[in-house]
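User: I want to learn how to read the features of a structural model. Please take them one at a time, with the general idea before the case.

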Amino acid sequence: MADVRLPSTLAPLFPGLPRQLDVQAATVSDVIDHLEREWPGIRDRLCEPGPTLRRHIHVYVNSERAKIDTPLAKQSRVDVIAAISGG
Amino acid sequence: MPRTLLLIGTRKGAFFLETNDRKTWELRGPFCEGWPVYHVIHDPKSGAVYAAAASEWHGQAVWRSTDLGESWTHSSEGIAYDADSGREISKVSTLAVGDGRLLVGVEAPGIFESRDEGQTWSLLSTLAGEPGSDKWDDPSNQPPGHLGISALMFDRDDADRFWAIVQGVGLFETTDYAQSWTPRNRGLRADWPREHEEVGFCVHKLVRSPVDDNRMYQQNHVGMHRSDDAGQTWTEITEGLPTEFGFAAATHPQDRDAFYVIPLDPGHGRTMPEGHAAVWRTRDAGSSWQRLDSGLPQRDAHVGVLREAMAVDSEDVPGLYFGTSTGQVFASTDEGDTWAQIADYLPPISSIEVAAIE
């Protein structure tokens with residue numbers, strides 16, 4: 001079960017979306033699939049066509065920078081970060 | 001008098017200014033979670049408000065409120081180019097609604113449509129094959145702002161007919177709902193080399209008289225222009241204005257010959273000349289111009305006004321409104337003769353539209 005942490009900018013966009021949740025997933029892509037099933041439209045907020053992660057959305061698996069196909073271990077922590085950008 | 005809502009898009013969300021008498025105004029917002037909002041419109045038929053917004057982090061979406069801002073949803077389902085097309089969307093720039101069809105213009109240049117009030121979208125046109133389209137995806141050919149399709153305007157009666165501006169390229173018209181296009185730039189001026197006879201013009205803002213379908217005006221990068229044949233040909237009417245450059249423009253709701261513009265310094269500053277704020281009006285279709293500055297700041301007002309940031313209501317004595325790059329909103333309820341500031345300290349303003357709520 002992955003321990004998934006989501007950015008504060010995401011929660012106001014999807015009613016009921018928590019900042020932290022546990023997800024059964026084998027890859028980062030599986031995490032996003034799970035989120036999309038529960039909160040339709042959330043994939044577009046995290047991914048561009050491809051799909052690839054949006055340029056300013058960074059994902060870390062156990063503190064290591066990850067890509068959308070990065071595999072998860074049984075107890076992975078997944079941090080989704082809205083990178084510092086803009087002004 | 002109906003309730004009047006000014007729908008304001010800013011760099012940090014959308015705001016509403018609301019009034020029952022055009023004297024006292026109440027500000028509501030920010031909406032859309034502080035995303036940069038490029039354009040906010042009202043569909044008088046359904047009552048819905050739509051906002052085109054693009055977040056640095058979370059991408060582009062069209063926001064929708066069916067209760068005048070009390071609650072909002074957002075969707076970009078279908079607003080995407082195929083991953084293998086090589087084209088990407090950086091922002092949703094402009095909106096138009098007509099006869100149940102909601103359009104959004106995007107960058108890289110393309111138009112998406114929704115038939116379900118913004119819940120889902122599909123690609124309508126990229127104007128592929130039009131002169132200039134072979135190069136307008138190249139970032140080195142794109143003007144600052146990267147708006148792509150910078151404006152869309154439906155015909156009032158024929159939902160298959162509308163106009164689209166490709167930023168830095170020109171104006172195009174379709175009469176068969178984007179199955180085919182015709183460049184509408186004949187008579188425009190360009191002070192730079194052009195590869196194609198029909199395009200290569202920098203159309204900033206297109207407006208059409210509500211009382212004469214053939215009468216259009218446009219603020220161009222170089223000059224003000226008027227058309228008396230619905231955009232088929234253009235005549236320059238810059239003489240009498242302090243500069244040839246500007247973005248915003250508005251037509252009088254009852255007088256086909258009355259038209260408003262806000263000339264700006266054409267350099268990189270793009271603010272009102274010499275720090276003196278003024279709107280300029282013609283009442284003779286551009287033969288002469290009057291400076292309107294009563295009530296506007298006349299010193300150290302280095303403010304700009306963007307292409308969608310001036311609007312006019314349709315009252316018997318029409319009200320005009322414009323929003324600035326420094327977050328002020330000014331209003332006139334006497335056809336521009338006098339002005340009053342009705343909001344301040346907003347984020348930089350991208351757009352203002354008027355909604356009359358019965």
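Analyst: Start with a network of salt bridges, which links B:Asp212, B:Arg215, B:Arg226, B:Asp228, B:Arg256 and B:Asp257. A salt bridge here is a side-chain nitrogen of Lys or Arg within 4 Å of a carboxyl oxygen of Asp or Glu. This is a predicted model, in which local features need pLDDT of at least 70, side-chain atom pairs count only at pLDDT 80 or more, and totals for chains, interfaces and linings use all residues. Residues are numbered from 1 along each chain as its sequence is written, chains are lettered from A and ligands numbered from 1 in the order in which they are written, and side-chain values use heavy atoms, with hydrogens and water left out.

User: Which residue forms a salt bridge with B:Arg215, and how far apart are the closest N and O atoms?

Analyst: The partner is B:Asp228, with the closest N and O atoms 2.8 Å apart. The pair links distant parts of the chain, 13 residues apart: B:Arg215 is in the loop between β16 (203-208) and β17 (216-220) of chain B, and B:Asp228 in the loop between β18 (223-227) and β19 (235-236) of chain B. Those element names come from DSSP runs, numbered from the N terminus (helices are H or I, at least four residues; strands are E, at least two).

User: Is B:Arg215 buried or exposed?

Analyst: Accessibility is read as a percentage: buried is under 20% relative accessible area, exposed is over 50%, and partly exposed is in between (1.4 Å probe, protein chains only). B:Arg215 has a relative accessible area of 4% and is therefore buried. B:Asp228 has 37%, so it is partly exposed.

User: How many salt bridges does the structure hold over all chains?

Analyst: There are 32. One of chain B joins the side chains of B:Asp313 and B:Arg22 at 2.9 Å, N to O. B:Asp313 lies in the loop between β24 and β25 (320-323) of chain B and B:Arg22 in the loop between β2 (13-19) and β3 of chain B, so the pair ties together parts that are 291 residues apart in sequence. Both B:Asp313 and B:Arg22 are buried. In chain A, A:Arg77 and A:Asp79 form a salt bridge with the closest N and O atoms 3.0 Å apart. A:Arg77 is partly exposed because its relative accessible area is 36%, while A:Asp79 counts as buried because its relative accessibility is 15%.

User: What is A:Arg5 in contact with, leaving aside its neighbours within four places in sequence?

Analyst: Contact means heavy atoms within 4.5 Å. By that rule A:Arg5 is in contact with A:Arg19, A:Gln20, A:Arg77, A:Val78, A:Asp79 and A:Val80. A:Arg5 lies in strand β1 (residues 2-5) of chain A and counts as partly exposed because its relative accessibility is 29%.

User: How do I read the interface between the chains?

Analyst: The size of an interface is often given as the accessible area lost when the parts come together. Buried area is that loss (1.4 Å probe), summed over both parts. Between chain B and chain A it is about 1,400 Å², of which carbon and sulfur atoms give 51%. The side of chain B that touches chain A draws most on strand β6 (residues 59-65) of chain B, which gives four residues. In all, 17 residues of chain B are in contact with 17 residues of chain A.

User: How many salt bridges are counted between chain B and chain A?

Analyst: The count is zero. The rule does find eight residue pairs in polar contact across this interface, both residues at pLDDT 80 or more. A polar contact is a pair of N or O atoms within 3.5 Å; within protein, one must be able to donate a hydrogen and the other to accept it, and residues adjacent in sequence count only if both atoms are side-chain atoms.

User: Which residues touch the most other members of the largest nonpolar core?

Analyst: A nonpolar core is a set of buried Ala, Val, Leu, Ile, Met, Phe, Trp, Tyr and Cys residues joined through side-chain atoms within 4.5 Å. In the largest one, of 45 residues, they are A:Leu35, A:Leu46 and B:Trp63. Helix α1 (residues 28-38) of chain A gives the most to this core, with four residues. A second, separate core has 35 residues, including B:Met272 and B:Phe330.

Methods. Buried area = accessible area lost by both parts, 1.4 Å probe.
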